Each structure stands twice: as C-alpha cells, then as structure tokens.
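I opened a new model today. These are my notes on what I looked up, entry by entry.

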Amino acid sequence: MPSFFPGFIVFIFGVTVGSFLNVCIYRIPVGLSVVSPRSICPKCNTPIPFYDNIPILSYVLLKGRCRHCGDHISFRYPVIELVSGLFALAILFQYGLSIRGLILYIFIASLLVITFIDIDYTIIPDAITVPGIFAGFLTSFISSQVTYKESLLGVLLGGGSLYIVAWTYHLLTGKEGMGGGDIKLLAMIGAFLGWHAVLFTIFVASVLGTLSGLTIMLFSGGDLRLAIPFGPFLALGAMAYLFIGPVIIFWCFNLTG
Ligand SMILES: [Zn+2]
C-alpha cells in the first residue's frame with residue numbers, strides 16, 4: 001500500500017482533474033470550448049479568480065456562494081471534485097503509480113463527465129465516446145491487463161449487443177428506446193476493459209436500471225413515460241467491474257466450478 005505522501009499528491013491531482021471535469025460537463029453539451037475562456041459565475045458573469053476556483057476548498061470558504069453576487073453555487077461542483085479525487089486514490093491503491101492506472105483514471109473521468117451530461121441532457125456526447133473507443137483499443141497495446149483481441153471483442157460485443165436490444169425494442173414498440181449514445185458508450189467500455197467487462201456491465205446496469213425504474217414508477221404512480229437515462233447505469237456497471245468485477249467473477253466461477 002502506498003504511503004501517505006503519494007496518496008495525498010494523487011488526491012490533489014484527482015480533485016484538480018475533477019474541477020476540469022465540471023467545466024467539461026458544463027460546456028461540452030452546449031458546444032463551448034473546455035480550454036478557454038476562464039470560468040465565470042453563471043449568474044453575474046464575473047470571471048472567477050484562481051483563489052476562488054480552488055477545488056472543494058473555495059466552495060467551503062465561500063460557503064457555496066459567488067463572492068461577487070452571492071448567488072448559490074451548485075453543491076454538485078465540490079461533490080464531483082471529491083469523487084474524482086477519491087477515484088484517483090482508489091486507482092492508486094489498486095493499480096499503483098502505473099501507465100495502466102493513469103489510463104483507467106482517464107477512463108473513469110470520462111465516465112463521470114458522461115454520467116452527469118446524460119443526467120442533465122439525456123445525451124451521451126460522441127465527442128467523448130467515439131475518441132474513447134479508439135483510445136481504449138489503442139491503449140490495449142501498451143497494457144498487460146487487456147489484450148488487443150479482448151478490447152476489439154469488447155467493442156464489437158458492446159456495440160453489437162446493445163444495437164440488437166435497441167433494434168428489437170424498436171421492432172416491438174415502434175419507439176426509440178435506447179439511444180445510439182448508449183451503444184457507443186458500451187463499445188467504449190468494451191474497448192477499455194475487454195469483452196468480459198461488457199457482459200458484467202450490461203448485467204449490473206440492467207439490474208440497477210430496473211430497480212431505479214421500478215422505484216420511480218412506484219413514486220410517480222406508475223407513470224411509465226418517465227425516461228431515465230441509461231448511461232449513468234452503464235458507467236456505474238463499468239466502475240463496479242473495475243474495482244470489484246474480477247473478485248465477483250472469480251467468486252462465481254469458484255461457486256459453480
Ligand atoms: Zn456571481
């Protein structure tokens with residue numbers, strides 16, 4: 001287990017990346033650049049100085065309000081920064097300071113951005129998933145954990161299986177159930193984690209999605225028209241695979257074999 005010092009540095013790195021992820025979540029869906037201009041308060045348009053833009057800390061010091069106009073800053077910003085920092089730590093503990101760890105951290109960061117954009121807009125931007133599919137496949141050549149064949153099979157299985165589900169759903173109901181965004185997201189998950197992960201992710205996402213759907217139906221009086229985005233469940237499934245998937249698969253095979 002790494003000592004305190006690298007852990008602290010990695011955590012700071014993670015929350016700083018989290019701050020950038022907030023920018024991505026806010027700007028990518030509306031087609032703005034994630035590099036420039038500087039962040040502004042969405043209420044009063046005042047540019048946010050660097051000392052008010054320190055991840056988590058500034059939110060606490062400013063008590064969740066803009067220094068200029070006093071408007072509330074969304075609680076989600078520090079939460080995403082914290083989650084990003086915790087994931088960086090989790091990756092460090094599981095994979096150490098390694099290339100594979102860095103690749104997986106970038107993958108998780110992309111999943112976080114996709115999750116919140118899908119929650120906000122029910123879209124999964126191609127700007128992340130399409131380069132993600134290629135990045136996942138290419139990095140399989142420099143990683144020992146997922147071979148390029150497993151990665152390629154992951155893309156085909158991820159893209160193909162959801163495509164069949166979407167096609168069947170459309171055939172049966174005449175409606176568009178699953179978006180193309182979900183299909184590309186699962187292909188990206190397959191590219192990074194291999195085809196085993198695709199099966200695991202579909203299973204976890206379906207269970208979580210069904211449970212959430214049932215819960216929402218229960219509280220909305222059975223209104224089936226409420227569409228819940230599926231992307232966050234796929235992202236959760238992939239993250240579960242990353243940290244506990246191999247343990248669960250090993251456990252299942254030991255149980256049956
Ligand atoms: Zn303001």
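**Entry 1: Gly-181.** I began with Gly-181, which sits in helix α7. Helices here are DSSP runs of H or I with at least four residues, strands are E runs of at least two, and both are numbered from the N terminus. The model is predicted: local features need pLDDT of at least 70, side-chain atom pairs count only at pLDDT 80 or more, and totals for chains, interfaces and linings use all residues. Residues are numbered from 1 along each chain as its sequence is written.

Is Gly-181 buried or exposed? I found 22 other C-beta atoms within 10 Å, so Gly-181 is buried. The cut-offs: 20 or more other C-beta atoms within 10 Å of a residue's own means buried, 12 or fewer means exposed, and anything in between is partly exposed, with C-beta atoms placed from the backbone.

Next I looked for contacts, meaning C-beta atoms, placed from the backbone, within 7 Å. Leaving aside neighbours within four places in sequence, Gly-181 touches Ile-123, Ile-124, Thr-129 and Gly-231. I also checked Glu-81, which is 100 residues from Gly-181 in sequence. Their C-alpha atoms are 25 Å apart in space.

**Entry 2: Pro-232.** I moved on to Pro-232 in helix α9. Pro-232 has 22 C-beta neighbours inside 10 Å, so Pro-232 is buried. Which residues does Pro-232 contact, leaving aside neighbours within four places in sequence? I found Thr-115, Asp-118 and Ile-119. Asp-118 is 114 residues from Pro-232 in sequence, yet the two C-alpha atoms are 7.1 Å apart.

**Entry 3: α1 with α3.** I then turned to helix packing. The axes of α1 and α3 come within 7 Å and cross at roughly 140°. Axes are lines fitted to C-alpha atoms, for helices over the stretch in contact, and angles run from 0 to 180 degrees between N-to-C directions. That angle makes α1 oblique to α3. The scale: under 35 degrees is roughly parallel, over 145 roughly antiparallel, 65 to 115 roughly perpendicular, and the rest oblique.

I noted a right-handed crossing for α1 and α3. A crossing is right-handed if the near helix is turned clockwise from the far one by less than a right angle, and left-handed if anticlockwise. The α1 side of the contact includes Pro-6, Val-10, Phe-13 and Val-17, and the α3 side includes Tyr-77, Ile-80, Phe-87 and Leu-92. By class, I logged 15 nonpolar, seven polar and one charged residues for α1 with α3. Ala, Val, Leu, Ile, Met, Phe, Trp, Tyr, Cys and Pro count as nonpolar, Asp, Glu, Lys and Arg as charged, and the others, Gly among them, as polar.

**Entry 4: α3 with α4.** How do α3 and α4 pack? The angle is about 150° and the axes are 10 Å apart. That makes α3 roughly antiparallel to α4. The crossing is right-handed. Among the α3 residues in the contact are Val-83, Phe-87 and Tyr-95, and among those of α4 are Arg-100, Leu-104 and Phe-116. This contact has 13 nonpolar, two polar and one charged residues.

**Entry 5: α4 with α5.** Helix α4 (residues 99–121) and helix α5 (residues 126–139) pack at about 165°, axes 12 Å apart. I therefore put them down as roughly antiparallel. α4 passes α5 in a left-handed crossing. Ile-103, Ser-110, Val-113 and Ile-114 of α4 meet Ile-128, Gly-132 and Thr-139 of α5.

**Entry 6: the core.** I looked up the largest nonpolar core and found 55 residues. Such a core is a set of buried Ala, Val, Leu, Ile, Met, Phe, Trp, Tyr and Cys residues joined through C-beta atoms within 7 Å. Val-113, Ile-189, Leu-234 and Ala-238 have the most contacts inside it. Which helix gives the largest share? α4 does, with eleven residues.

Entry 7: Most residues other than glycine have a negative phi, and most peptide bonds are trans. I found a cis bond from Ser-36 to Pro-37, with omega near -5°. Pro-37 is in the loop between α1 and α2. Lys-63, in the loop between α2 and α3, has a positive phi of about 55°. With 9 other C-beta atoms within 10 Å, Lys-63 is exposed. Thr-122 has a positive phi of about 45° and lies in the loop between α4 and α5. Thr-122 is partly exposed, with 14 other C-beta atoms within 10 Å.

Definitions and conventions: Two residues are in contact if their C-beta atoms, placed from the backbone, lie within 7 Å.
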